[in-house]
Amino acid sequence: MDAALELLHDTISSPWVYLALFAIAVVDGFFPVVPSETAVITAGVFAATGQPDLPLVIGVAALGALVGDHVSYAIGRHGGARLLDRLPRGSRRRAAVDRARRGIAVRGGLILTVARYVPGGRTAVTLTMGATRFSRRRFLAFDALAAATWGTYSASVGYLGGLAFERDPIRGLLFGLGLALGVTVVVEVVRWARGRRKPRPSGAAAAIAGVEQGGPRLTPPGAR
């Protein structure tokens, strides 16, 4: 265990960790199988010992998240938009798309910010925002805020765990991951509770209108 912990510490303390964090955050933006939160929290735990540098961890994580979200947005805009525009006018699916567009237009910033804390949900939201041609300028502004707060939150959770368990980094890491998981569960429960109070469209319409519930069903590349 000590040997594994020392190896992990040496790896996290390497200057290459910043490039790795950036790359992981980018890929997680459009391929939600890469555990970006885990990587950032782990770096935050070891930042409590002095290496890596906490502000740099926050910065590269936020920048990577911003880039990854824009990749997902571009995929939705150039692929999903054509699909949605082919839907017949007056059909239920087209009506669901129109409702989704209105919801994003009114609450797009809130939806995007909350979704950044939900693994997988963030990709679905950014894909849908691209497919519904949400303003690029507004997307950049809201996503910059979401990415910055997410990077700060994830790294700080790990950092606090590292400080609380300075002599036991494994417990610090488990504490950080548990706290992050707890916040995610709370977000999901609140979203589920709000969804139960709203009428849901049926069938295929629900799949597209799901953005109103925080869970659009556009499938990211590589996923089944």
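Which residues is S154 in contact with, leaving aside its neighbours within four places in sequence? They are E37, V40 and I41, where contact means heavy atoms within 4.5 Å. The model is predicted: local features need pLDDT of at least 70, side-chain atom pairs count only at pLDDT 80 or more, and totals for chains, interfaces and linings use all residues. Residues are numbered from 1 along each chain as its sequence is written, and side-chain values use heavy atoms, without hydrogens and water.

View 1. S154 has a relative accessibility of 1% and counts as buried (under 20% relative accessible area; exposed is over 50%, partly exposed in between; 1.4 Å probe, protein chains only).

**View 2. Packing of helix α2 (residues 16-30) and helix α3 (residues 36-47).** The axes, lines fitted to C-alpha atoms over the stretch in contact, lie 9 Å apart at an angle of about 155°. The two helices α2 and α3 are therefore roughly antiparallel (angles over 145 degrees). In α2, L21, I24, A25 and D28 meet S36, E37, A39, V40 and A43 of α3. These contact residues comprise 6 nonpolar, 1 polar and 2 charged.

**View 3. The aromatic pair Y117 and Y153.** The whole structure holds 2 aromatic pairs (ring centres within 6.5 Å). In the pair of Y117 and Y153, the ring centres are 5.4 Å apart and the planes at 65°, so the pair is edge-to-face (planes over 60 degrees apart). Y117 sits in the loop between α5 (92-115) and α6 (121-131), and Y153 in helix α7 (residues 136-164), 36 residues apart. Y117 is buried, at 18% relative accessible area.

Conventions. Axes are lines fitted to C-alpha atoms, for helices over the stretch in contact, and angles run from 0 to 180 degrees between N-to-C directions. Helices (H or I, at least four residues) and strands (E, at least two) are DSSP runs, numbered from the N terminus. Angles under 35 degrees count as roughly parallel, over 145 as roughly antiparallel, 65 to 115 as roughly perpendicular and the rest as oblique. Ala, Val, Leu, Ile, Met, Phe, Trp, Tyr, Cys and Pro count as nonpolar, Asp, Glu, Lys and Arg as charged, and the others, Gly among them, as polar. Rings of Phe, Tyr and Trp (its six-membered ring) pair if their centres lie within 6.5 Å; planes under 30 degrees apart count as stacked, over 60 as edge-to-face and the rest as tilted.
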